[in-house]
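I had a new model open on my screen and a few things I wanted to look up. Here are my notebook entries, kept brief.

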Amino acid sequence: GPCFLEPALAGFDYAMTLDTDSYIPAPLGEDPFQLLDREGWVAAFPHLGRESASVVVNFMHHFLLYCRLKGLHARRTEMLASLVEKNFKWYQQCLMLDIEVLRLDWFRGEAYQ
């Protein structure tokens, strides 16, 4: 939360964060800030991908345990159903969050703060 209220960001309407391992796998095709504005979105992030097994070792077991502890079904949304097989096997598909594009007014607002 409070990082979006930082005075150094006051003059900006949008932000793009890039992690040290970020990459853009293909030409964007359009300005991501214009896309947010046109669609009325507050954030955008790039893609689903597959992580190497060594990076995500035991991730599925922890995810299923978390779901059980919280009373959630592991395939409860369309996205989760596409990532977690019906037999609850998982093939290292991850939502890659190494790049985010944000409309700052929403993140500065009461709904987020």
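**Ground rules**

I am working with a predicted model, in which local features need pLDDT of at least 70 and side-chain atom pairs count only at pLDDT 80 or more, while totals for chains, interfaces and linings use all residues. Residues are numbered from 1 along each chain as its sequence is written, and side-chain values use heavy atoms, leaving out hydrogens and water.

**Confidence**

I looked up pLDDT, the predictor's confidence in each residue on a scale from 0 to 100. The protein averages 85, and 95% of the residues score at least 70. Helix H4 (residues 104-108) has the highest confidence, at 94, and strand S4 (residues 93-96) the lowest, at a mean of 70. Helices (H or I, at least four residues) and strands (E, at least two) are DSSP runs, numbered from the N terminus.

**Arg103**

I found Arg103 in strand S5 (residues 99-103). Is Arg103 buried or exposed? Arg103 counts as buried because its relative accessibility is 19%, and buried means under 20% relative accessible area, with exposed over 50% and partly exposed in between (1.4 Å probe, protein chains only).

Next I checked the polar partners of this side chain. It makes a polar contact with the side chain of Asp105 at 2.6 Å. A polar atom of the Arg103 side chain also lies 3.1 Å from the backbone oxygen of Trp41. A polar contact is a pair of N or O atoms within 3.5 Å; within protein, one must be able to donate a hydrogen and the other to accept it, and residues adjacent in sequence count only if both atoms are side-chain atoms.

Leaving aside neighbours within four places in sequence, I listed the contacts (heavy atoms within 4.5 Å) of Arg103: Asp13, Tyr14, Leu36, Gly40, Trp41 and Val42.

**Aromatic pairs**

My search of the whole structure gave six aromatic pairs. In one of them, the rings of Tyr14 and Phe33 have centres 5.6 Å apart and planes at 55 degrees, so I logged the pair as tilted. This pair links distant parts of the chain, with Tyr14 in strand S1 (residues 14-18) and Phe33 in helix H1 (residues 32-39), 19 residues apart. Rings of Phe, Tyr and Trp (its six-membered ring) pair if their centres lie within 6.5 Å; planes under 30 degrees apart count as stacked, over 60 as edge-to-face and the rest as tilted.

Tyr14 is partly exposed at 24%, and Phe33 is partly exposed at 28%. I also noted a cluster in which ring pairs link Phe4, Trp106, Phe107 and Tyr112.

**Nonpolar core**

A nonpolar core is a set of buried Ala, Val, Leu, Ile, Met, Phe, Trp, Tyr and Cys residues joined through side-chain atoms within 4.5 Å. The largest one here has ten residues, including Met60, Phe63, Cys67 and Trp90. H2 and helix H3 (78-83) each supply at least two residues of this core, and H2 gives the largest share, three residues.

**Cysteines**

How many disulfides are there? I found zero disulfides in the whole structure, taking a pair of cysteine sulfur atoms within 2.5 Å as the cut-off. Cys67 is buried at 3%, whereas Cys3 is partly exposed at 47%.
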